[in-house]
Amino acid sequence: MDRRNRLLWAVISFVIFSAAVAGLLVSAGAFGSVAATMPVLSDPLIDAWEQLGVWALVGVAVLGLFLVWLGWRLLRAQLRQGGQAAIQDLELAARGDGQRTAGWTVVRGPALARSIEADLRRIRGVERAHVGLFGSPHHPELRAQLAVSSGDLESIRTQAARCLERFTATTGTSPRTVDITFRLVQKSTAPRVS
Amino acid sequence: MRALNRLLSLLLAMALISGGLLVAAEAAAALVGQPPLLVPAAQWAADLRGRSFANQDMQLVLSGVAVVGLMLFVAEVWPWPKRLVALGQDEHGFWWLHRRSAEKQVRRIINRATIATKTRVRLQPRQAAWNLQIDATAASEARGDIEQRARALLAQLGGPQTTSVTVRIHPRRDGKRVTDGPP
């Protein structure tokens, strides 16, 4: 999301800058004195608009709705954590004998993330854990942020890797990609409750 | 930059939604022969028909827009320090370290365990190596201790063996030597 936002604003700012510089060049007479003294809304432009008649207004209305759609997509992407949709519920089909329906087990998407958060928080030195699961429930993208007060990250890494293995073993989901970020914090003085 | 971009994107999204709705509503009103709802488009068009690019107001507006556009573009392409430092990849996934939290931790340890005060720490990840720069107010004899503490912490964090640690010692402004240990 951050990279996409940066690219988006680099493109937007470049377009804005280029358009403004082009306007300044026109006004300075770089494209001739006729262009410099020409109205911003020139007569040929007005004629073209009037020739379109009602269709010009229809086009503007459609353009307006398109802008609304673009804005909605952008807003949704910004409000989602990591710019992606959280996973749906995980449906696990029981193994039947092929003749009868053996039933399903449904695990709510947020419950999956909370389960691994709880497991990660049990690691000594981990003060807080926040996990996001995105994409397919069976092969999600897993992003975790661990606030750790211990400097021994090697040990925490080893135990966090075990948490991931337990998560796969108990839920049957194998994350497609895993990103775990450590944030070093001061040790919490509040008593740990687990 | 990350927060600014997020804020700008949110503002742009809301501007697109409200502006798009307004444009569609204005076009619909014009289609059914109603007067403009909020935007006096005919008046604006008439104004722009009578205004050329050589007009001073136009030049002022264009100059302002160009400056803002250039500032934003430079800010976007500027190589800001990375938010995360890569700790490596294994069969489980990618492991990252929050850069500023690591800098704070180094500073805390140096201030607590050595005679240094007013410590500033900058961690720069470069390809396979890290570059740690420490500015501290202390006696020059403390340099070795500061470097040793920093290297020990980086080793604990899983930093690469080839990390270069630069310690710059600054004397106190009042000329007194910093030789006392931490309280």
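Over all chains, the structure holds 13 salt bridges, a salt bridge being a side-chain nitrogen of Lys or Arg within 4 Å of a carboxyl oxygen of Asp or Glu. One of them brings together the side chains of A:Asp89 and A:Arg108, at 2.4 Å from N to O. This pair links distant parts of the chain, with A:Asp89 in the loop between H4 and strand E1 (90–93) of chain A and A:Arg108 in the loop between strand E2 (104–107) and helix H5 (109–121) of chain A, 19 residues apart. Helices (H or I, at least four residues) and strands (E, at least two) are DSSP runs, numbered from the N terminus. With 29% relative accessibility A:Asp89 counts as partly exposed, whereas A:Arg108, with a relative accessible area of 52%, is exposed. In these terms buried means under 20% relative accessible area, exposed means over 50%, and partly exposed lies in between (1.4 Å probe, protein chains only).

This is a predicted model, in which local features need pLDDT of at least 70 and side-chain atom pairs count only at pLDDT 80 or more, while totals for chains, interfaces and linings use all residues. Residues are numbered from 1 along each chain as its sequence is written, chains are lettered from A and ligands numbered from 1 in the order in which they are written, and side-chain values use heavy atoms, with hydrogens and water left out.

Another salt bridge joins the side chains of A:Arg122 and A:Asp119, at 3.2 Å from N to O. Here A:Arg122 is exposed because its relative accessibility is 55%, while A:Asp119 is buried because its value is 13%. In chain B, the side chains of B:Glu103 and B:Arg99 form a salt bridge of 2.9 Å, again taken from N to O. These two residues are separated by about one helical turn, because they lie four residues apart in helix H4 (residues 99–113) of chain B. B:Glu103 is buried, with a relative accessible area of 11%, and B:Arg99 also counts as buried, at 11% relative accessibility. Back in chain A, salt bridges that share partners join A:Asp119, A:Arg122 and A:Arg166 into one network.

Turning to chain A, we find six helices and five strands, and 35% of its 194 residues count as buried. One residue to look at is A:Thr173, in the loop between helix H6 (153–171) and strand E5 (177–184) of chain A. A:Thr173 counts as buried because its relative accessibility is 1%. Leaving aside neighbours within four places in sequence, A:Thr173 is in contact (heavy atoms within 4.5 Å) with residues including A:Leu90, A:Pro137 and A:Phe167.

Finally, A:Leu70 has its place in helix H4 (residues 54–79) of chain A, and its relative accessible area of 32% makes this residue partly exposed.
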